[in-house]
Amino acid sequence: MDFTPSEEQATAQGLAARIFGDLSTHERMTAAGTGTDAELWKELCAAGLPAAVEDVGLLGLVLILEEQGRTTAQVPLAATCVYGLLAVAAHGAPEQRERLLPGLRDGTAVATGAFPARGGVRIAEDGALYGSVPWVPWLRDATHVLVADAERGLWIVRTGDPDVTAVPVETTAPWSAGRLVLDGVRGERLGNGHPGAYADVLATARTAFAGLQAGVCAGALARAVHHTVTREQFGRPLSTNQGVLLRAADAHMDTEAIRVTAYEAAWRHDERRACAAQALTAAWWASEAGKRVVHAGQHLHGGTGADLDHPVHRHFLWGRQLDAYLGCGGEVLEELGLLLARSSQEGAS
């Protein structure tokens, strides 16, 4: 395995770091509230970052999302790339790719996904979709939603359809989320309905959002390090206390574990190797280790970390949101155990 970024991937990551670093300021995010930073999204699309994902692959996307996570930038980049660009490019019919991809590349279309499938959406005998999904990230911005029905079929639904209702929902992190209600909408099946499409999109999403979590944790830790190095107590920096050092070291190791497992899953995906177990591993680390890191980042700020307006609190909120999104640690660990058990039985037979 070689996770060394290609020249194109490194360039995309560097460009993302510059744009997020310049525009994702505390003041701008405070002004945005729980909504999307429209100017930042426009800048990212003008720079061609969403479109570049088709060329830099899932590993390139993970690198870009790390930079978003460092600043907790409020844009629907992960959702549009995973549930839109990559899903349509990999599983869409030629006509769907020709029709949908241009808008997703330039940002005039925004995609999200009603994932994972939990039985909330059913397909009637006449082919119409009924049901609801309690919350869908970035639904308030989306023009298209990739919906997984109870049988794990994938459907493209336009949010502008009169049979689709999006009710605003506030989540832990400011992800412009909404409750999706489908009342007889005629969805467009993604591609030819290949049974493996759902599992592939879900694994891709888990890997991408693990990369986002790696960035969130890295940003939280960087803020904690700066605070403990610059703040003094009893005449010396807080960082010289052994307890602080050990807590920060543990958080660093957890962050690296999230990062390397996300890299491995993404690399295997791009190399067209089996990656289901690796995606679940990355998701488990993102959930279990992620919440440890963002808690540590906040605790290492002492009383300052209790201030809801402090920038580190955003990392805490994002980390806890990502902890449960697409399955919390216990859920994905159970999935991983079942997957490994099936693989072992198949190998023995």
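The legends below describe close-up views of a predicted model.

**View 1. Strand 1 and its partner, strand 4.**
Strand 1 spans residues 111-114, and strand 4 covers residues 144-148. The two strands run parallel and are joined by four bridges. Within this pairing, T112 stands opposite V145 of strand 4.

H269 belongs to helix 8, which comprises residues 242-270. The relative accessible area of H269 is 24%, so this residue is classed as partly exposed rather than buried, a term kept for values under 20%. Leaving aside residues up to four places away in sequence, H269 touches L58, D200, T204 and C275. V294 is 25 residues from H269 in sequence, and the two C-alpha atoms are 28 Å apart in space.

**View 2. The largest pocket.**
The largest pocket holds about 520 Å³ of space. Its lining consists of 22 residues, and those closest to the centre are R152, L202, R206, L280 and E335. Two or more lining residues come from each of helix 7 (197-230), helix 9 (276-299) and helix 11 (329-348). Helix 7 makes the greatest contribution to this lining, with six residues. Sorted by class, the lining of the largest pocket contains 14 nonpolar residues, seven charged residues and one polar residue.

**View 3. The second largest pocket.**
The volume of the second largest pocket is about 380 Å³. Among the 18 residues that line this pocket, L86, A90, H269, D270 and R272 lie nearest its centre. The elements that supply two or more residues to the lining of the second largest pocket are helix 4 (49-71), helix 5 (77-91), helix 7 and helix 8. Helix 5 gives the most, with six residues. The lining of the second largest pocket comprises nine nonpolar, four polar and five charged residues.

Technical notes:
Residues numbered from 1 in each chain as written. Predicted model: local features only at pLDDT ≥ 70, side-chain atom pairs only at ≥ 80, totals over all residues. Heavy atoms only, no water. Buried < 20%, exposed > 50% of the residue type's maximum accessible area, 1.4 Å probe, protein only. Pairing = 2+ DSSP bridges. Contact = heavy atoms within 4.5 Å. 1 Å grid on protein atoms, 1.4 Å probe; cavity = no way out; pocket = protein on both sides within 12 Å on 5 of 7 lines; lining within 4 Å. Points joined across faces, edges and corners; volume = space filled by probe spheres on them. Nonpolar A, V, L, I, M, F, W, Y, C, P; charged D, E, K, R; others polar.
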